[in-house]
Amino acid sequence: MSESDLRQYFPIFQTPDASNPWVYLDSAATSQKPQPVLEQMERFYRKDNANVHRASHSVAARATASFEAARIKVQRFINAASSKEIIWTKGATESINLVASILARGHFKPGDQILISTLEHHANIVPWQQLAEQHNLQLGIMPIDKNGVLDVKQALALIDDSTVMLAIGHVSNALGNINPIEKLIERAKLFGALTLIDGAQAIGHMPIDVQALDCDFYVFSGHKMFGPTGIGVLYGKQALLASLPPYQYGGEMIDKVSFSGSSFQDLPLKYEAGTPNIAGVVGLATAVDFIQQHRSAITQHEEFLYRLLLQGFEQVPGIRLWGDCVNSTSIQSFTIDGLNSQDLGLLLNEHNFALRVGHHCAMPLMQALGLEGTLRVSLACYNTGQEVERFVKALNMAIDILHGNGAEKGPAAQENHVRDSGQFLPIAAHVHQAKSWDETYRKIMLAGKQLNKLTHEEHRGEYEVKGCESQVWLRCDNLGGLLQLKADSPSKIVRGLLAIMFEVLQNKPVEQVLVFDMSVYLQQLGLAKHLSQSRGNGLQAVLDEIVDYCAK
């Protein structure tokens, strides 16, 4: 099967912009959806939209049949022993929280150890961290090596008779490493510890057999395996789930209710309070069908793309690959020596490449590696070899721009040659002159040299702006009613954007700052896209802090 044979199933790629085609390299965040999944969900709402269970009419019966058939399909997909072991949730995050919540009700005792790894997504850290704090438990951390690969020897040594729970990702969402979960589960069982595997990044890329793994819980999300958002799965061994208390209370999970007491349904409904995401369930079942039908082609094509990416990276100067490049899925994190990852991400976005930049909801991992963040490419079966090659070429171009090749004199030196100087102040006018996107970003980076910067000693918590993917420190002062601004960021582009913004706010009365429309000003400059609520560069968060300061 050729790469176009798989890509044709995904309608989002069927109307490309020939002049600047979109290249989606962010499938670890969420995968695109094949046409059969979209059609199945639409079909449900058009023909079978009724609540499941209990109702006696024919449409509800059809909806219930599809709903429970999907449960059996997922059971077989991961080789669970019974469909009663498949619990529908909103996603992997809710699945983990469900397990942590029900285990908190008397399953552990003070001093017991919960063991997680340095690699974990926040969703597999915070629930256990909070549980440990609330119940006086120990939270053990399995270490990694300098590349971000789990230190298996030390990890196994940490599992002992104090360990009651081992929770670890099957595949690192930040780096793509496939963890040796079989060894860890086997060791945990020697000491009677429970095991939970976060399979969010594994489920769409490799066959899963929960009975062969012999884990107690396995969790995943539909939207990372070509399915809908808002639907996920908790697998749990039947005897274990049956012995534990409900998670939430309400409709569906109730057997009988009276004012003197209530009794609950058996598995799996015991853990499914309220009206479920029925369309999501039937959509997920269709995604399972898609994966099973094309398993071999998906695996082969993703392996081809990943090797092509690694070959391309060999030609990228200063690149540093993180994680295990051999035992990995089609995810690769990297940094470029001497360059800010956020800057690279912004430039690549101008080429219409969608990839993830930052800590990838794995802050402790980044701290352990001594990084602020990485760029993460995550490939899927709908990507093409040509896209990978184009990406590597664009990455080299972005590196070239950030290294200043072809840079010109700064705005202060060219002030007499600025056009439209009556409309914009000098720094902004110099940027406005740019005739192409790459020239615009070169001028933005030059503008950063004009920023009134904080000292290194002022790079501390009280000045750090929250909500910025790239770190920003900001200091606001009111001197005689006039606003004084100083800031800094590791990102050259963010420093330049701050300089452009500060140029119209610096030394202005605070009352004037409050009424100034920065969005209109940046729109006129062609830079409005940088003032957004996304965590891309955090310019909006900086502006919000300035406005809050002036409003006091």
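Lys and Arg count as positive here and Asp and Glu as negative, with His and the chain ends not counted; each charge is placed at NZ of Lys, CZ of Arg, CG of Asp or CD of Glu.

**Figure 1. Charges across the predicted model.** By that count, the protein carries 47 positive and 57 negative side chains, and the centres of the two sets sit 2 Å apart. This is a predicted model, where local features need pLDDT of at least 70 and side-chain atom pairs count only at pLDDT 80 or more, while totals for chains, interfaces and linings use all residues. Residues are numbered from 1 along each chain as its sequence is written, and side-chain values use heavy atoms, leaving out hydrogens and water.

**Figure 2. The fold and its inside.** You'll find 19 helices and 17 strands here (DSSP runs numbered from the N terminus: H or I of at least four residues for helices, E of at least two for strands). Along the principal axes, the C-alpha atoms fill a box of roughly 80 × 55 × 55 Å. Of the 552 residues, 54% are buried, meaning under 20% relative accessible area with a 1.4 Å probe, protein chains only.

**Figure 3. Helix H19, residues 539–551.** This helix has 13 residues and spans 18 Å from its first C-alpha to its last, close to the 18 Å expected at 1.5 Å a residue (that is, 1.5 Å times one less than its number of residues). Its buried residues are Leu539, Gln540, Ala541, Val542, Leu543, Ile546 and Cys550.

Technical notes:
Buried means under 20% relative accessible area, exposed over 50%, partly exposed in between (1.4 Å probe, protein chains only).
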